[in-house]
Amino acid sequence: MQTPADGEPLSSRQTAGNRKGAVLVTGGAGYIGSHILKAVEESGRAAVAFDDLSHGFQEACAWGEFVQGDIRDTPALIAAIERHEVVAVIHLAGLIEVGRSTVRPDLFWDQNVQGTASVVAAMRATGARRLVFSSSAAVYGADPRGRRSDLLAEDNPKDPASPYGDTKLAAERMIAAACAAFGLSAIALRYFNAAGADPSGRLGEAHHPETHLIPLTIQAALGRRGPLTVFGNDFETPDGTCLRDYIHVVDLAAAHVAALEATLEPGEFDAVNVGTGRGHSVFEVIAAVERALNRPVPRTIGPRRAGDPPSLVADPGRAAARLGWTPRSSGLDEIVASAARWHANPLYGEQGSGAPARPSVRQA
Ligand code: UDP
């Protein structure tokens, strides 16, 4: 395969057919991964999804190629990288449910940390030199201040509140060390609350079980589940419910493309928040869903959920400076309207909630 020189900008590397170098997207069949496939292809690169389909849907890989495999299978990763002449990897595959990580931390260390070690090993063995890693605001842990003006910057103390956050921080540190030792370059994107759906209506959020606020609120409004439980209304926030920084998945996907193209020296690693700098409360999300659907959201007030900090809002400054990236579509009403359109007519992933299965939307 083509092996680019260390440090050569990705944009100057060409593969057969005169397209820019291909990108492997682990976890490409998932919610965020499927949106990234589209963004990568639209940037002029070939995208190759690598996914074991344990949580994702092959129908979600509507852009680019698809390879079924487990990231802990290093030879399978190497084969996919070589076959598709991959020059960069966007690594998302992993376990994401914070609650489950407290009862099965072993699985999270295996998939999120060992899995990342396998991805790094496959890159060392091939010509892929740029890594974009899916990290999380969970690396910061429970911020006790909880005031709207307190934005989380990248150099905030790291004190994860869950085994999930521990594994993301451990993987970041492993990647940083691998960059320094082996001449890779990498950016860890620390996601805040990804939400919304592609405006085409072909891609959207489908998790089983669903634990995220916006899809649960929409499903409650549509009568597809019982009332939404608001996890606590006694936080020290303006309306008593938690503040989160909701980022449109299309903006999040664009941040990955910006991170692929960012100028980094061989050996360099950086971590960048992907958020808007604005927090919205649970009650504000409920009101936005009621506006979008013109229906009430049945809800009850429940106790706080373990480990929920009152406020998680990004300082987005480094993303603008480092990646030249700012969100464009992340107003709360725009996010919720796009998610509501998807939930009205999902193309995959609703089997678990009783809706009819749809035919595959994968292009030939
Ligand atoms: N939340 C809620 N009820 C639910 C699910 C979530 O009140 O059924 C709240 C949760 O406490 C948090 C916010 O909604 O304050 C966002 O939660 P989500 O699980 O979507 O994302 P997280 O911030 O935990 O990553």
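The predicted chain contains ten helices and 14 strands. Of its 364 residues, 53% are buried.

Three strands form an open sheet in the order 12-9-14, and their pairing is mixed. The edges are taken by strand 12 (280-281) and strand 14 (311-312); each has a single partner strand, so one side of each is left without a neighbour in the sheet. Strand 9, made up of residues 243-244, runs parallel to strand 14, and two bridges join this pair. Within the pairing, arginine 244 has leucine 312 of strand 14 as its bridge partner.

Turning to the ligand, the model places 14 residues around it, and those that come nearest are His212, Leu213, Phe231, Cys242 and Asp308. Two or more residues of this shell are given by each of two elements, helix 6 (213-221) and strand 8 (228-231). Strand 8 provides the largest share, with four residues. Sorted by class, the shell around the ligand comprises seven nonpolar residues, four polar ones and three charged ones.

Conventions. Residues numbered from 1 in each chain as written. Predicted model: local features only at pLDDT ≥ 70, side-chain atom pairs only at ≥ 80, totals over all residues. Near = placed C-beta within 6 Å. Nonpolar A, V, L, I, M, F, W, Y, C, P; charged D, E, K, R; others polar. Buried ≥ 20, exposed ≤ 12 C-beta atoms within 10 Å, placed from the backbone. Pairing = 2+ DSSP bridges.
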